[in-house]
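User: Can you walk me through this one? I'd like the overall picture, then some details.

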Amino acid sequence: MKAFTYTTCSPSLFVVLMVLCLSTGVSSQLTTDFYVTSCPNVFKVVRRVVVNALKNEMRMAASLLRLHFHDCFVNGCDGSILLDGSDGEKFAFPNINSARGFDVVDSIKTAVENECNGTVSCADILAIAARDSVVLSGGPTWKVLLGRRDGLVANQTGANSNLPSPFDSINTIISKFAAVGLNTTDVVALSGGHTIGLARCVTFNNRLSNFSTTESVDPTLDSSMAADLQGLCSQSSDGNATTALDRNSTDAFDNHYFKNLLSQKGLLSSDQGLFSSDEGVAATKGLVQIYSNSSSAFFSDFLISMIKMGSISPLTGSAGEIRRNCRAVN
């Protein structure tokens, strides 16, 4: 397994980021020291469970990061993706047979409850676990804004309509980000989260055959990579075979994902589209080129975008609740 590495940011950068976030108003009730007296060891407790989960399966880093993303885009960052039930977000098309890591969140919640009962929300656990997953994969760190409370309802319809899809055009993805207060830089930076993790054939096999009336295979997909993927996906009739989102750099959080886009080795259509589609050329290609040349530029924008995303419509004060079990309302 890949050795864990840690990256730190300068204190001055933290100050800049806190000013950025707290000046928005939306996140004004979230603070980095929310649990300093009520649960001072929460970061250590969460980190310990995440470390053990990644030792067991490094892929879990991407899964925990994705849970936070998919949570925040639906009803805001309220832990609603964690709720069980056939009408829940877990069973929305973007999440079913795809979202994972719920058992790890359960383990974190149990450990946190043992440390400070009824204090830390599941929504905050997702935010901390996402940060730790990035750091333990070699990516940047940031101070997580905390104080979210847990939602009382899931929104399967919202998950089906609001979450960006690998089949969406770049303009559609930009619009979905804009709907939750995020901009085009956030689109590209957060797409860089695909530097870790795996994807199922069902999310990209549309690029491998019958692509268009004139092309069998997506012409923006490297031909040797296309042949490899055709071989992989032909072995699985259910489309559940998986491959790395970031070819040749599966578990390392770095800027290799963007380097791949320059050589037509983005796995998902929505990935490669950032560089190769007409809409991408107009809106996102320049940032892809910047990030491919500078991991520090990518890391800096990524952590800012993560803080912004984590501040989407949080429940605070007396809204919502602190769930005892992340899978069910109290």
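This is a predicted model: local features need pLDDT of at least 70, side-chain atom pairs count only at pLDDT 80 or more; totals for chains, interfaces and linings use all residues.

User: How much of the chain is buried?

Analyst: Buried residues are 53% of the 330 residues.

User: What is the radius of gyration, and what would a compact globule have?

Analyst: The chain has 19 Å. A compact globule with 330 residues would be near 20 Å, so the two agree.

User: New topic. How much space is in the largest pocket?

Analyst: About 1000 Å³. The pocket is lined by 44 residues, and the closest to its centre are Arg66, His70, Ser98, His194 and Leu268.

User: Which element gives the most to that lining?

Analyst: Helix 3 does, with seven residues. Other elements that give two or more include helix 7 (170–178), strand 1 (198–200) and helix 14 (295–309).

User: How does the lining divide into nonpolar, polar and charged?

Analyst: The lining has 25 nonpolar residues, 13 polar and six charged.

User: Now glycine 320. Where is it found?

Analyst: Glycine 320 sits in the segment after helix 14.

User: Why does glycine 320 count as partly exposed?

Analyst: Its relative accessibility is 27%.

User: What is glycine 320 in contact with?

Analyst: Beyond its neighbours within four places in sequence, glycine 320 contacts Arg149, Asp150, Leu152 and Leu315. Leucine 152 is 168 residues away along the chain, yet the two C-alpha atoms are separated by 6.0 Å.

How values were computed. Residues are numbered from 1 along each chain as its sequence is written. Side-chain values use heavy atoms; hydrogens and water are left out. On a 1 Å grid over the protein atoms alone, a cavity is a set of points where a 1.4 Å probe fits but cannot get out, and a pocket is an open set with protein on both sides within 12 Å along at least five of seven lines; lining residues have an atom within 4 Å of a point. Grid points are joined across faces, edges and corners, and a volume is the space filled by probe spheres set on the points. Helices (H or I, at least four residues) and strands (E, at least two) are DSSP runs, numbered from the N terminus. Ala, Val, Leu, Ile, Met, Phe, Trp, Tyr, Cys and Pro count as nonpolar, Asp, Glu, Lys and Arg as charged, and the others, Gly among them, as polar. Buried means under 20% relative accessible area, exposed over 50%, partly exposed in between (1.4 Å probe, protein chains only). Contact means heavy atoms within 4.5 Å. The radius of gyration is taken over C-alpha atoms; the globule rule is 2.2 Å times the number of residues to the power 0.38.
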